[in-house]
Every structure is written in C-alpha cells, then in structure tokens.
Amino acid sequence: MRYLLSLAATAAVFAGMDAAQAQQALPQINVTATPNSNSPLAPSQPVLVETQALDAARANIFTPTGANSYEIDEKAIDDLPQAENTPLEKVLLQAPGVAQDSAASGDFHIRNEHANVQFRINGILLPDGVSGFGQVIETSFISSLTLLDGALPAEYGLHTAGIVDIQTRSGTYEPSGSMGVYGGSHGTLTSTFNDGGTIGKTQFYVSGRLLTDNVGIENPTSDYDAIHDTTAQGKFFGYVSTILDDGSRFSIISGTSVTSYQIPNSPGEDTAFTENGNSDFNSSTLNENQVERTFYNVAAWQKTIGNLDAQIAFFSRYSTLHFVPDEVGDLLFNGVASDVQRNSLLNGLQGDAAYHLGAHTIRFGFEVSGESTDAVDNDLVLPASGSGAPFSVDNSSNKLGWLGSFYTQDEWRITNQLTINGGLRFDQMAQYVTTNQLSPRLSLTYKPFESTTFHAGYARYFTPPEQVLSAPTNLGAFANTSAASAVNEASPVRPERSDYFDAGVTQKLFPGLEAGVDAYYKRARNLLDDGQFGQALVLTAFNYAKAYNTGVEFKTNYQIGDFSAYGNFAWARQRATQVSSNQFLFDPDELAFIAGHYIYTDHAQTLTASAGASYLWQATRFSADLIYGSGLRNGFANTGTVAPYTQVNLGVSHEFQLPGNSGLGPLEARFDIVNLLDNVYEIRDGSGIGVFAPQFGPRRGFFGGLTQKF
C-alpha cells in the first residue's frame, strides 16, 4: 500500500508541472541494528551487513585528507527551523564561509567565489545545469552532506570552490516513509512524500515535492508582497540499488526539477526608449516569465575485490531554460527585448578506485564528458537613436564540447598521527577554448593528540567555464541598434588557473564542544565570474586577468544530551583586476578603472556569520538559527557596500503518537517563523558589476505543517 501511495504521489508531481580516527571523515554509516525490523520492507540481517560493508567501501574510495570539511547530517537538518522544508542553498548558509546572495546571482557563495561549486551524490559528480537560479536538489532525500573546501585531493577537480558531497537516504537504513503538507505566508503551499525500503537484495528510496508561492524570486522592493512573482515547482528523486553478489552492487539515481517563475516587477520606473512614438508603460504590469527544467540520471556499478574498492558510473543531465520577455515593456525600459533559451545535454563516464597497500592507499580515476549546448537569443531592438520601429536580431550559438580528466594519488599514513596525501591531476578541455593543465596536490594531516587535528595543503586548480554561459556574442549584429555596446571587444572566456594554500586546526575543548579555525590564500589567473547583464535572469561569464582571495574561518559545535548548538564566523576578501574576456559587457569608464585598479568582486562579502541551537524536550523540538552578512558590493566598479543585515528564524515541532493499532507512525506538527524581527534588508541594490535589479531578503513569514510518518 505504501508503495502504491508513493507511485500516486509521483504521478501528481509530473501531472501538475507542465508549464577522524586519523583523518577528517566523510559522512559515516552508523547502524547498530536492523532499523524498524517489524516493517515488511526492512532488510534481512545479511543484506544490512552487506550494505554497510559496501557503503564503507564506497566512502573509502573518496578521501577528504588535508581538506577543510564541515558536515551537516540528517539530524542537523531536522534541527533547523523549517527542517526538510529548508531549501538546500539555505541549509548551506549555516556552514562557515558561505554567504547569501540573490537567486539571480547564484543563491550563495563559498569563500567569496562565484559559482565554481561541485555537487556529488554518493560520490558521483552531478554536472552543472543552465539554470540562472534555483536548486534542483531536494533537501528531503539527504542523509548527510559534507562541504569540502581548501586544498582538495587530486580526485576533486573542475569546480573546486567547494565540494558538496551528499549521501542519500537509504531504504535499507530507513525502511519507512511519510506524506506531508506545509505552507503559510506569501501563498506558500507545499506537499511532500517519501518512501523507502528493501525487497530481497534491492533497496529503494523515492521522494517528491510540489511547491507554489508568491515570492518565487526575491522581491525587488521592500514591500511585504511582491508584484508578479508566483512560482510553481516540482521535484522528484529516486534511488534504487541491488546487491549483485558479495562485494558488488548496481545503483540507479534519477532526479527531476521543473520550475516556472514570474519575474517580479518594480513600480514607478521611468521608460528610456520610444517605440513607434509610444513611451508610456506602467512598470508594475510587466509580464516576464522563465521556465527551467532539469533531468539527471546516474547508473553506477561498485565492486570490491581483495584490497581494491572501485566504482564506475555513467551520468547524464539534460537542462533547459527559457526566458520570455514582455516585448513592449522591455523595449521601452531597456531598449531590447530578449527571448532567451539555453539548452544543454551532457553525458559522461566516471571511474574511481582505491587500492590498499599497507600504510599506503593508492587512489586513481578518470572522468570524461561530452556536452552539447545551444545558446539562442532572439532580440527585439530599436534603432540606435532609441526611437522608432523595432526589428529582430538573431544571436545564436551551439557547441559540442568535451572535458577529460584523470588523477592518481597516494595517501601515506606515515604514523598513527601523521598522514601525507600527494597526487597529480590532468584536465583537458575542448570547448570554445581548447587547453589543459597538469595540477599537483599535496597535503598533510597531523593528529598529535586524540582531541587535536591539524591539516595543511597546497593545490593547483584548473576551472573550465560553464560552456553554456561562455557562448560568444556577435557584436556586429547589434551595431547601430539600441542594444549596441560602447565597448567593441569580446575576448573568449578562458579557464581559471590558480594556486591555493590552506591550513587549519580543530580541537575538542571538552566533551561535546569542538572548535576550529582555518585560513586560506588563493592566487588566480583569469578568475572566472558571472553576471546578469540584461533583463533575462541568465548569467554570462567573463574573466579577470589577475585576482587573489584570502580569508579566515572559525567554527564551533556543541552537543550535550538533547541540546545542540553551533556558531561560525568568517572574514574574507577577494579582489581582481583587468577584465580579460567579454569586455563589451562593461561600461568604458568602469572597464578603464578596473584595468588600473584591484577591485572587489561583486560577490565579495567581508564578514559572514551563522549560528543555531536546538533542544528536544520530551517530544517537542525548539530550534533557532541566524545568518549575518556585512553586505555584498555595489556602486561603480564595486567600490561600495550594501548595508549589513541579520536574519533570525525560529521553529517548534512536536510528534504525536497516534492511538490504537493503526500501523502508522507518529504525526509531526510544526510551526516556523522566518525573519522573526522582520528585518527589511537588501541583498542587492541593483548596482555593481553584473547586477541588473535590486533584491530584498525575505520579510517575516509564518509557516506550519503536518507530516504523517508510516
């Protein structure tokens, strides 16, 4: 019956969505007995034991040795106000050094980097999509996630500002499910389901979510209600894994995200152009819309033979974005109305292995992917005078590009206290630019005492630009139009090359309390950055010729009984000079200033902090968290700063045990307050490089929900 309910809920999703012992450790599997053994979908003891062994072997293939790591497990997510209803990007804001940004600018930044974040599911790379905003990953299927940054081992490449390594929930460890509804302020209504279990040697886990609300993208005004800002979102995740024999299994991961957005309006704006003698338009009635679709699938085979653990996976991702303008309104306000489409189909193969040889663990692997992208812009423009009859300009580009990588590394445990991890990585790209790099990596972990762990490392990085965001622009097609650029230069977007140094220490001060500090320095050539340079919420890539990034992070975690708390604080600075690609995106005065000065990047925030606490009293959980930011950059060449802000959230939940023998689990009721103090603050003010419009943080909202577990 439970399985039939899951199938019905899955159909509803799609029907409604047309439009360290010695090292720091990755998430560990801790199961002491067969969970919920009375469930008809609980695993047998042999299957449970074999699954635990395979999970441990898979975790051993990938190592965080020498890197800086921060883990957020399923309990930590449940402890947050909103719990599983918290979007993934908001969960990550609770990690050290992660700063909030608007959805149009990437949602969040790790250590002041723009994008350059890699997501992995069960160790398998999840390739980038083309979305200008929004996350395709659903929080509810996460068993744990680890944020890795700093000097990463050689097995991690391409996108290296941070590795978000997600371990999915399992039908073996959690043979149960739930259905729920959650909603409140701003017309928010969410329905969810998840289910998991084991049938013979096969485990499954599925989850889905439907969401509608009236603040799909941040409000461009300080008003409580946004104008023209509804969204409808559907997400589905499925995981199936079967044990083939002792030491091997086959797994399939599948996910879907379909999202439609209205682009919010700002009333009272003045037009700047005239179309056929008409220059009147009410900006509050603009009708711009965007639809994003992402589908990803992974098939993986894992095998352990003696001292060798290995996994090979095929992955595929199809992603589309379509922005539909308000033709008349966009012409009058911006001088161009762009119908924008971005399509990307990517297929790839990834193999990773670890061979244990005494004190050495030799790891090696490869990754190869081919991506076909289409960047289609149908632009309606006016004559250069800014007045007259509109006409169309086509600016399209398609590309079949390739990425290939391989690595080898040796994790050498010299003593029980000291481990050195050294490796080499080679990356080749053949996209709009063809080039490669050989990158050395070296790190060490030193644990002089059981309660103290030092790590330090150096990494050479090679970061290709996202292919669909670096498509060339035909500047000649816009000559003598209202969309003509004052700068007639468009050097191709290049990969970023950088040297990264990182060192830190974690210390268990007394039982339950752990603290840590980490410092880093990065020196980059052709630093990659993205910006929104038009009304379409689509990012365009460019490079700074030289840049540096430096910072210090502090973290604390405390756990005693049913009380837990954490606090993080970071200081950071990223500065760059000389725009070296897509120069036409910039105003001539700004371009000249950047050529002679180091400027802050638009996403650079000097101070970032987060904190939270949770207490379980009997069956009632009380929780609170907060984020603080000193403000992103604004003004001419990012010389100013948006005002600092603090946002506090509260939550309370209670589990009710149902009477009788219904066979159902507890019923959870929850109530949450987002932005308790109703602090009205700007994330962006509409100025700065690659910032098209203002975006405000969320206003105070009240939310509640019921979840029935079974």
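Two strands count as paired if DSSP finds at least two bridges between them. Helices (H or I, at least four residues) and strands (E, at least two) are DSSP runs, numbered from the N terminus. The model is predicted, so local features need pLDDT of at least 70 and side-chain atom pairs count only at pLDDT 80 or more, while totals for chains, interfaces and linings use all residues. Residues are numbered from 1 along each chain as its sequence is written, and side-chain values use heavy atoms, with hydrogens and water left out.

**View 1. Strands β23, β24 and β25.**
β24 pairs with strand β25 (residues 540–560) in the antiparallel sense, over 18 bridges. In that neighbour, β25, tyrosine 558 is the bridge partner of leucine 513. Strand β23 (residues 496–510) also runs antiparallel to strand β24 (residues 513–531), and 13 bridges join them. Opposite alanine 503 stands alanine 519 of β24. The hairpin of β23 and β24 has 2 residues between the strands, and its glycine 512 takes a positive phi near 95 degrees.

**View 2. The open sheet of β1, β6, β7, β4 and β5.**
An open sheet is formed by 5 strands in the order β1-β6-β7-β4-β5, with mixed pairing. β1 (68–73) and β5 (124–126) are at the edges and have a single partner strand each, so one side of each lacks a neighbour in the sheet. From one strand to the next the twist averages 25 degrees (axes are lines fitted to C-alpha atoms, for helices over the stretch in contact, and angles run from 0 to 180 degrees between N-to-C directions). The pairing of β1 with strand β6 (residues 142–149) is antiparallel and covers 6 bridges. Here asparagine 68 stands opposite aspartate 149 of β6.

**View 3. Helix α2.**
Helix α2 (residues 45–61) has 17 residues, which at 1.5 Å a residue should span 24 Å; the end C-alpha atoms are 25 Å apart, in agreement. The expected span is 1.5 Å times one less than the number of residues. Buried means under 20% relative accessible area, exposed over 50%, and partly exposed in between (1.4 Å probe, protein chains only).

The whole structure holds 26 salt bridges, each a side-chain nitrogen of Lys or Arg within 4 Å of a carboxyl oxygen of Asp or Glu. One of them joins lysine 303 and aspartate 245, at 3.3 Å from N to O. Lysine 303 belongs to strand β14 (residues 289–305) and aspartate 245 to strand β11 (residues 231–245), so this pair ties together parts 58 residues apart in sequence. Aspartate 245 is partly exposed, at a relative accessible area of 36%.

Arginine 317 and glutamate 371 form another salt bridge (3.5 Å, N to O). Since arginine 317 lies in strand β15 (residues 308–324) and glutamate 371 in strand β17 (residues 360–381), the pair ties together parts that are 54 residues apart in sequence. Arginine 317 is buried, with a relative accessible area of 1%, and glutamate 371 is buried at 10%.

Aspartate 427 meets arginine 425 in a salt bridge of 3.0 Å, N to O. Aspartate 427 counts as buried at 1% relative accessibility, and arginine 425 counts as buried at 3%. Elsewhere, a network of salt bridges links Arg111, Asp149, Asp502, Asp518 and Glu553.

**View 4. Nonpolar cores.**
The largest nonpolar core has 41 residues, and Phe141 and Leu145 have the most contacts inside it. Such a core is a set of buried Ala, Val, Leu, Ile, Met, Phe, Trp, Tyr and Cys residues joined through side-chain atoms within 4.5 Å. Apart from this core lies another of 17 residues, including Leu475, Leu527, Tyr544 and Phe586. Leucine 145 touches, among others, Tyr70, Ile72, Leu88, Val91 and Ile166, leaving aside residues up to four places away in sequence; contact means heavy atoms within 4.5 Å.

**View 5. Two loop residues with positive phi.**
Glutamine 82, in the loop between α3 (74–78) and α4 (88–92), has a positive phi near 80 degrees. Glutamine 82 is buried, at a relative accessible area of 15%. Aspartate 107, in the loop between β2 (98–100) and β3 (108–110), has a positive phi near 75 degrees. At 8% relative accessibility, aspartate 107 also counts as buried. Most residues other than glycine have a negative phi.
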